[in-house]
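Subject: A structure for you to explore

Hello,

Here is the structure I promised to pass on to you. Have a look at it first, and then read on for what turned up in it.

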Amino acid sequence: MTIDMAAVREAAGSARDPEVRRSIAELGLLDDVQVEGHHVTVHFHLTSPLCPSAFAVRIGQEIRRRVRAVPGVEVCEVVLRDHFLRDTL
């Protein structure tokens, strides 16, 4: 089964920033999506490198949950860029 890249981008981008209540795609925070087989990697950043850690983790978890719901996705890795928590998600 081939993973639909548009569906993955839509799913990842639909995660909402809990502070401003808008999608990360709408805010321009979705940086890159890569698909290799059944493995998806999503790169995103936040509105500030000092955004509260609870928001960073919450957005990362929401991205992972939404992308894993896309047919064919078995693994979703989330990479946070330019933030003090970037190595912990």
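Before we start, one term: two residues are in contact when heavy atoms of theirs lie within 4.5 Å. Please also keep in mind that this is a predicted model.

**Starting from Glu62**

Which residues does Glu62 touch, not counting residues up to four places away in sequence? They are Ser14, Ala15 and Arg16. Glu62 itself is found in helix H2. Is Glu62 buried or exposed? Its relative accessibility is 15%, and buried means under 20%, so Glu62 counts as buried.

Glu62 also has a partner for its side chain: Arg66 forms a salt bridge with Glu62, and the closest N and O atoms are 2.7 Å apart. Helix H2 covers residues 53-68, and because Arg66 and Glu62 are four residues apart in it, about one helical turn separates them.

Arg22 is partly exposed, with a relative accessible area of 36%.

Then there is Arg81, which forms a salt bridge with Asp31; here the closest N and O atoms are 3.9 Å apart. Arg81 lies in strand E5 (residues 75-81) and Asp31 in strand E3 (residues 30-36), so this pair ties together parts that are 50 residues apart in sequence. Arg81 is partly exposed at 33% relative accessibility, and Asp31 is partly exposed at 29%.

**The sheet**

Strands E3 and E5 bring us to the sheet. In general, the strands of a sheet pair through backbone hydrogen bonds, either parallel or antiparallel. In this model, three strands form an open sheet in the order E3-E4-E5, with mixed pairing. Which strands are at the edges? They are E3 and E5, each of which pairs on one side only. From one strand to the next, the twist averages 15°.

Take a look at E3 and E4 together. Strand E4 covers residues 39-45, and six bridges join it to E3; the two strands run antiparallel. Along this pairing you can find Asp32 opposite His43 in E4, and Val33 opposite Val42 in E4. E3 and E4 form a hairpin with two residues between them. In the turn sits Gly37, which has a positive phi of about 65°.

As a general point, two packed helices are described by the angle between their axes and the distance between the axes. For H1 and H2, the axes come within 8 Å and cross at roughly 150°. An angle over 145 degrees counts as roughly antiparallel, and H1 and H2 are therefore roughly antiparallel to each other. The crossing in which H1 passes H2 is right-handed. If you zoom in there, you will see Val8, Ala11 and Ala12 in H1 meeting Ile63, Arg66 and Val67 in H2. Arg66 is a residue you have already come across, as the salt-bridge partner of Glu62.

**Around strand E1**

Last stop: Asp17, in strand E1 (residues 16-17). Asp17 is buried, with a relative accessible area of 2%. Leaving aside neighbours within four places in sequence, Asp17 is in contact with Arg22, Ile24, Leu27, Leu29, Thr47 and Ile59. How far is Asp17 from Phe55? The two are 38 residues apart in sequence, and 7.4 Å apart in space, C-alpha to C-alpha.

Finally, find Arg21 in the loop between E1 and strand E2 (22-23). Its phi is near 60°, a positive value in a residue other than glycine. Arg21 is exposed, with a relative accessible area of 61%, whereas Asp17 is buried.

Enjoy exploring!

Best wishes

Definitions and conventions. Residues are numbered from 1 along each chain as its sequence is written. This is a predicted model: local features need pLDDT of at least 70, side-chain atom pairs count only at pLDDT 80 or more; totals for chains, interfaces and linings use all residues. Side-chain values use heavy atoms; hydrogens and water are left out. Buried means under 20% relative accessible area, exposed over 50%, partly exposed in between (1.4 Å probe, protein chains only). A salt bridge is a side-chain nitrogen of Lys or Arg within 4 Å of a carboxyl oxygen of Asp or Glu. Two strands pair if DSSP finds at least two bridges between them. Axes are lines fitted to C-alpha atoms, for helices over the stretch in contact, and angles run from 0 to 180 degrees between N-to-C directions. Angles under 35 degrees count as roughly parallel, over 145 as roughly antiparallel, 65 to 115 as roughly perpendicular and the rest as oblique. A crossing is left-handed if the near helix is turned anticlockwise from the far one by less than a right angle, and right-handed if clockwise.
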